[in-house]
Amino acid sequence: MKNLQVVEKGFSSVPIIDISALVSGKGDRYSVASQIKQACQESGFFYIIGHGIDKNLQQRLEELSRQFFAQDLETKLKIRMALAGIAWRGYFPIGGELTSGKPDLKEGIYFGTQLGEEHPLVQAGTPMHGSNLFPANIPEFGETLLEYMEAMTNLGHTLMIGIALSLGLEESYFADRYTSDPLVLFRIFNYPPNLSPSDGEPIWGVGEHTDYGVLTILKQDDSGGLEVKSKSGWVVAPPVPGSFVCNIGDMLEKMTAGLYRSTPHRVQNQSQNHRLSFPFFFDPNFDVEVKPIELDNIVANDHIGDRWDQANVHDFRGTYGDYVLSKVSKVFPELRRSLL
């Protein structure tokens, strides 16, 4: 592949890409890949439509999630994260998660691939692997969530084909090297109504950050509040009916030597309603070492000063498990001290 250049100009909106050709295997996949390439170079974010994820499944998940968060704190704490141990699953209350050392104005539930006690990674005591915690008083919750996660995992594999093609690689490049057994992490977040004073500093549902892995697929409700950082300022990424928001993470930036950028983003619920979001993280295998892809005429351009954490992702050496644990343990310092 020749003459690839890192795009430095700002962007003013997040593009919408119809990926139906990737999903069906019919039509012009390379046109889709070209759009993905442009989006990953310019903004690191794009909406997808034509994804094939069942609307009724999405609606059921949203309704059950609202039912869970409407409960009192004592009931929600029955599946608190501390009960899951190193599997790192379960509920956390408002202020229980930190971004850049500051408490986020959101509550949420962590999930991952459902693994029984007999699984080798669980037997080995591997962090972030194990069984999920589901609310016993909402019987359909677990079944619906696992069905949704399976559908999103399949979508993640499909999108990685598109990303591989966008880089001029064989379509199985990522599956062969990084995502045959992806680390799948899923969150459901509830942001309370806007509490920011009209004449004071905004209160962030989640502060400026980048995602850790290769690909995030976000379902958001109709409340709005997501913002993406551009060189020209913060760009609003409003809800688009029938879509998901996708963004690339730190590991894809590292693999592409900065050609594809892991873009900072943040959330402020400016509505007077509770805001639900459903970020699905499709990440490399836990024990795989992440290395740069051999792309012609690419020079790493890490822009340390531009990153929210002043880190240089290109300096990282080790497995994806090493990387994600170093990040997540800062988000939950209490769990880090007690479990790792």
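The legends below describe close-up views of a predicted model.

Residues are numbered from 1 along each chain as its sequence is written, and side-chain values use heavy atoms, with hydrogens and water left out. Because the model is predicted, local features need pLDDT of at least 70 and side-chain atom pairs count only at pLDDT 80 or more, whereas totals for chains, interfaces and linings use all residues.

View 1. The largest pocket holds about 620 Å³ of space; on a 1 Å grid over the protein atoms alone, a pocket is an open set of points with protein on both sides within 12 Å along at least five of seven lines, while a cavity is a set where a 1.4 Å probe fits but cannot get out. A volume is the space filled by probe spheres set on the points, which are joined across faces, edges and corners. Of the 38 residues in the lining of this pocket, Val 206, His 209, Thr 210, Asp 211 and Tyr 212 are the closest to its centre, where lining means having an atom within 4 Å of a point. Among the elements that give two or more residues to this lining are strand 7 (183-191), strand 8 (206-209) and helix 9 (320-331); helices (H or I, at least four residues) and strands (E, at least two) are DSSP runs, numbered from the N terminus. By class, the lining has 19 nonpolar, nine polar and ten charged residues, with Ala, Val, Leu, Ile, Met, Phe, Trp, Tyr, Cys and Pro counted as nonpolar, Asp, Glu, Lys and Arg as charged, and the others, Gly among them, as polar.

View 2. Ten residues line the largest cavity, and Leu 105, Pro 192, Ile 203, Gly 205 and Asn 269 lie nearest its centre; the lining divides into five nonpolar, five polar and no charged residues. The second largest cavity, of about 30 Å³, has a lining that includes Trp 88, Tyr 110 and Arg 187, and this lining counts six nonpolar, no polar and two charged residues.

**View 3. Helix 3 against helix 6.** Helix 3 (residues 55-69) and helix 6 (residues 140-166) pack at about 135 degrees with their axes 10 Å apart, the axes being lines fitted to C-alpha atoms over the stretch in contact, and angles running from 0 to 180 degrees between N-to-C directions. The two helices are therefore oblique to each other, since angles under 35 degrees count as roughly parallel, over 145 as roughly antiparallel, 65 to 115 as roughly perpendicular and the rest as oblique. Residues in contact, with heavy atoms within 4.5 Å, include Leu 61 and Phe 68 in helix 3 and Phe 141 and Tyr 148 in helix 6.

**View 4. Helix 2 against helix 6.** The axes of helix 2 (residues 29-42) and helix 6 come within 8 Å and cross at roughly 80 degrees, and the helices are therefore roughly perpendicular to each other.
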